[in-house]
Amino acid sequence: KVAFGSVSSTQAILVIEPIPGTTLEEATLKISELTKKHGWKNQEVRTHQKLIFHLTKKVLEKLAILHRSIRVKQRRVESIAFVQELIRGLAESLRRAGIPWNLFSLLAKMKVEKEMTVCLAHRDLGLLNIITDGEDVFFIDPRSHVVSTPDRRIGARFASPSIDLAAFFVGLERSELEIRRTHPNFRLSAKHCVRQEIEKMLQKKQITPFLFHLSEAVVWAGYVACRCSQCLDPKREWLRQHSIARTMKCLKTLSRLS
């Protein structure tokens, strides 16, 4: 909630109410604490797993609103502008990560389906940018373009649901990997829920395999390029190596797509 009021001809007050709660990443990783304390088959773990599943459904419901198709006269032009944004972001992350890869041919492989959704998007929907109070979810800190670039570039007018779905899915996968470090048999049911939504949109051609794998590459490469203290923590080097491997897999998949 935001309130704005004028105090005088030269002064004003802007009041912003913080959103109470925790990040969805913290809520998800709480499963790890519960499994250490009670064992991964304990009822408390199952209950919390159901909570994360419930919150994931809430995220998908809100994404359905954000991703409502926008009628545009030049769908291909708008779609290509967003693909260019994705490729620029991917190129920047690969440069920062020191991964050499020729992205020149990617744009030529862009295919626009008649049903393909052109919409608004958050463009940085990692689990850290989803706040939950245990009942509802709230999106924070959207971007004007995908991935940070050296200059203050403005992104395409519209986007594809693929970038938000990829970011959300990858965030859940990374959390699942962290939990499985101590409990290898653990599976996050929420991740399967998001995968089903992605498959549904692929079948309806609301997104294309090219767009999804490109979005996925952008997200994984973004984690590899990140230089925050958490990503550079030596104890999490295994996760960085996994992110590199997933980035390379996405790039190879893109290279095979015709």
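Helix H6 has 17 residues and reaches 24 Å from its first C-alpha to its last, close to the 24 Å expected at 1.5 Å a residue, where the expected span is 1.5 Å times one less than the number of residues. Helices (H or I, at least four residues) and strands (E, at least two) are DSSP runs, numbered from the N terminus. The model is predicted, with local features needing pLDDT of at least 70 and side-chain atom pairs counting only at pLDDT 80 or more, while totals for chains, interfaces and linings use all residues. Residues are numbered from 1 along each chain as its sequence is written, and side-chain values use heavy atoms, without hydrogens and water.

Of the 17 residues of H6, 13 are buried, so this helix is largely enclosed by the rest of the structure; buried means under 20% relative accessible area, exposed over 50%, and partly exposed in between, for a 1.4 Å probe and protein chains only.

The largest pocket holds about 680 Å³ of space. Its lining comprises 28 residues, of which Asp-124, Arg-143, Gly-222, Tyr-223 and Cys-226 are the closest to the centre. Helices H3 (75-97), H4 (161-180) and H6 (209-225) are the elements that each give two or more residues to this lining, and H6 gives the most, with five. A pocket here is an open set of points on a 1 Å grid over the protein atoms alone, where a 1.4 Å probe fits and protein lies on both sides within 12 Å along at least five of seven lines; lining residues have an atom within 4 Å of a point. Points are joined across faces, edges and corners, and the volume is the space filled by probe spheres set on them.

Tyr-223 also takes part in a contact with a charge, as Arg-174 lies over its face at 3.7 Å from the ring centre. The charged end of Lys-62 likewise sits over the ring of Phe-138, 4.9 Å from its centre. Such a contact requires NZ of Lys or CZ of Arg within 6 Å of the ring centre and within 35 degrees of the ring normal.

Turning to the backbone, H3 has 23 residues and reaches 33 Å between its end C-alpha atoms, and is followed by Gly-98, whose phi is positive, near 75 degrees. Most residues other than glycine have a negative phi. Asp-141, in the loop between strand S5 (137-139) and H4, has a positive phi near 55 degrees, but is exposed, with a relative accessible area of 51%.
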